[in-house]
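This report sets out selected side-chain contacts, a helix and a surface patch. The sequence and structure follow.

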Amino acid sequence: MSTTPTTAERDARIINARHGEINPGEIAIGVVIGRTSEFFDFFVYAIASVIVFPKLVFPYLDPLTGTLYSFAIFALAFVARPLGTVIFMAVDRAYGKSAKLTIALFLLGTSTVAIAFLPGYGQIGAASIWLLALARIGQGIALGGTWDGLASLLALNAPDKYRGWYAMIPQLGAPLGLIVASVLFAFFVGNLSAEDFFSWGWRYPFFVAFAINVVALFARLRMVATPDYQKLFENRDLHPARIRDTLRSEGGSVLIGAFAPLASFAMFHMVTVFPLSWVFLFTQEGPARFLIIEAVGAVFGIAAIVASGLIADRIGRRSLLGGCAVAIAVFSGFAPQLLDGGVVGETVFMIVGFVLLGLSFGQSSGAVASSFSPGFRYTGSALTSDLAWLFGAGFAPLAALLLSTQFGLISAGAYLLSGAACTLVALRLNQRWERRKPEAPQV
């Protein structure tokens with residue numbers, strides 16, 4: 001098993017070593033930039049899957065069916081992501097993290113910008129559907145390779161009494177990416193004619209996503225090429241273990257970790273992709289106004305994520321996640337009525353939803369990941385993230401929209417309730433699991 005760094009990595013480390021050791025603040029900046037880039041890509045595609053692709057790629061279907069088909073293609077990235085992790089972990093072991101990140105982000109940027117040039121069904125027929133699906137699979141495989149371990153590096157440098165604070169920093173990328181994507185789409189939707197928007201306006205956010213990926217690549221390479229990172233790599237704290245060995249040793253923690261954040265991920269789509277599709281399909285409101293409401297809600301989400309770090313350091317991350325799951329279960333009982341309650345109801349729904357999302361999502365990656373033994377922490381955390389997004393987010397917009405159109409909005413609340421129940425069960429199982437592993441660090 002090769003752990004020899006590439007020549008480029010060694011040269012970069014020599015250059016960076018001249019400037020001394022990197023501090024946690026710089027690591028945090030790299031983490032936030034990387035996550036914001038990933039989530040911006042995520043939300044640009046998600047928004048387009050509601051307001052663009054049903055008309056561009058599925059014009060022969062009614063709007064609802066076209067949106068459901070669009071959400072099915074949306075899910076392909078989450079199915080492909082674990083495959084990307086398998087491929088790029090092998091690249092990491094053979095050629096180092098710099099090579100892995102460069103290839104992964106190049107693939108992500110290429111897949112994203114390819115969507116910007118996508119011809120519609122009217123130009124090339126069914127080939128448009130296949131090209132969109134191929135680009136989406138490319139995005140998913142690439143996202144599996146963008147796991148850089150910087151969040152783990154940040155957590156490993158965290159003092160014991162500030163674990164919750166450091167755990168929330170990477171999660172800030174989600175609302176930041178949503179704000180930029182929502183405002184950008186709202187600008188083009190609100191200021192262009194329908195003909196211009198569907199002809200060229202919707203493509204610009206995908207070009208911006210490519211540019212942001214380039215910035216993120218350099219920011220993250222600046223981190224992974226530091227002596228501190230290499231030291232942890234050599235100590236096996238951030239070693240890319242083989243997938244088979246990781247699952248054999250840490251399979252239970254991976255499985256529990258994949259289900260522990262389901263409440264957060266169910267809420268994630270209940271306040272982002274799903275409500276946009278519902279408002280766009282079943283009300284007379286234009287998408288621009290609701291996109292602005294989403295951006296405002298995301299600001300509350302940022303504040304809640306920051307608060308989650310402070311609260312978790314006082315009561316523990318697992319306790320906070322459990323409490324948030326209960327709160328989300330309660331919210332699921334009246335969320336459908338709020339979303340169906342006009343402008344005021346939608347605004348209250350978004351703000352309350354984003355607050356609950358921020359409190360839970362802010363700590364969703366830390367409560368179980370700390371259970372991994374050092375030799376498998378890097379790969380185990382990557383697999384856990386992949387499976388959590390697959391189970392909790394990949395099919396959420398499709399399932400929520402399909403259920404709500406068949407059985408009413410109340411069924412979307414039931415879907416949210418099921419995610420909260422899964423989180424409570426997983427956290428309970430994790431607690432029992434850790435009792436059998438007394439050497440595991442507690443949170």
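## Salt bridges

A salt bridge is taken here as a side-chain nitrogen of Lys or Arg within 4 Å of a carboxyl oxygen of Asp or Glu. Side chains of opposite charge can pair when their charged atoms come close. In this predicted model, the rule gives a count of six salt bridges. One of them joins the side chains of Asp 386 and Arg 81, with an N to O distance of 2.9 Å. Asp 386 belongs to helix 20 (residues 377–394) and Arg 81 to helix 4 (residues 63–95), so the contact ties together parts that are 305 residues apart in sequence. Asp 386 and Arg 81 are both buried.

The side chain of Lys 97 meets that of Asp 92 at 3.8 Å, N to O, and Lys 100 meets Asp 92 at 3.7 Å, N to O. Through these shared partners, Asp 92, Lys 97 and Lys 100 are joined into one network.

## Aromatic pairs

How many aromatic pairs does the structure hold? The number is 39. Among them is the pair of Phe 39 and Phe 42, whose ring centres are 6.3 Å apart and whose planes stand at 70°, so the arrangement is edge-to-face; planes over 60 degrees apart count as such. Both residues lie in helix 2 (residues 24–51), three residues apart, which is about one turn of the helix. Phe 39 counts as buried because its relative accessibility is 8%, and Phe 42 is buried with a relative accessible area of 9%.

Phe 39 also pairs with Phe 268: the ring centres are 6.0 Å apart and the planes are at 45°, so this pair is tilted.

## Charges over rings

Two contacts place a charged side chain over an aromatic ring. Lys 55 lies over the face of Phe 198, at 4.4 Å from the ring centre. The charged end of Arg 136 sits over the ring of Tyr 45, and its distance from the centre of that ring is 4.2 Å.

## Helix 10

Helix 10 (residues 173–191) consists of 19 residues. From its first C-alpha to its last, helix 10 reaches 27 Å, close to the 27 Å expected at 1.5 Å a residue. The buried residues of helix 10 include Gly 173, Ala 174, Pro 175, Leu 178, Ile 179, Phe 185, Phe 188 and Val 189.

## Nonpolar surface patch

Which residues make the nonpolar surface patch? Tyr 162, Trp 165, Leu 310, Ile 311 and Ile 315 form a patch of about 440 Å². Helix 17 (residues 287–315) gives the most to this patch, contributing three residues. Leu 310 is found in helix 17.

Note on methods:
Residues are numbered from 1 along each chain as its sequence is written. This is a predicted model: local features need pLDDT of at least 70, side-chain atom pairs count only at pLDDT 80 or more; totals for chains, interfaces and linings use all residues. Side-chain values use heavy atoms; hydrogens and water are left out. Helices (H or I, at least four residues) and strands (E, at least two) are DSSP runs, numbered from the N terminus. Buried means under 20% relative accessible area, exposed over 50%, partly exposed in between (1.4 Å probe, protein chains only). The expected span of a helix is 1.5 Å times one less than its number of residues. Patches are made of residues with over 30% relative accessible area and no salt bridge: like charges are joined within 9 Å, nonpolar side chains (Val, Leu, Ile, Met, Phe, Trp, Tyr) within 5 Å. Accessible areas come from the Shrake-Rupley method with a 1.4 Å probe; for residues, only the protein chains shown count as cover. Rings of Phe, Tyr and Trp (its six-membered ring) pair if their centres lie within 6.5 Å; planes under 30 degrees apart count as stacked, over 60 as edge-to-face and the rest as tilted. A charge sits over a ring if NZ of Lys or CZ of Arg is within 6 Å of the ring centre and within 35 degrees of the ring normal.
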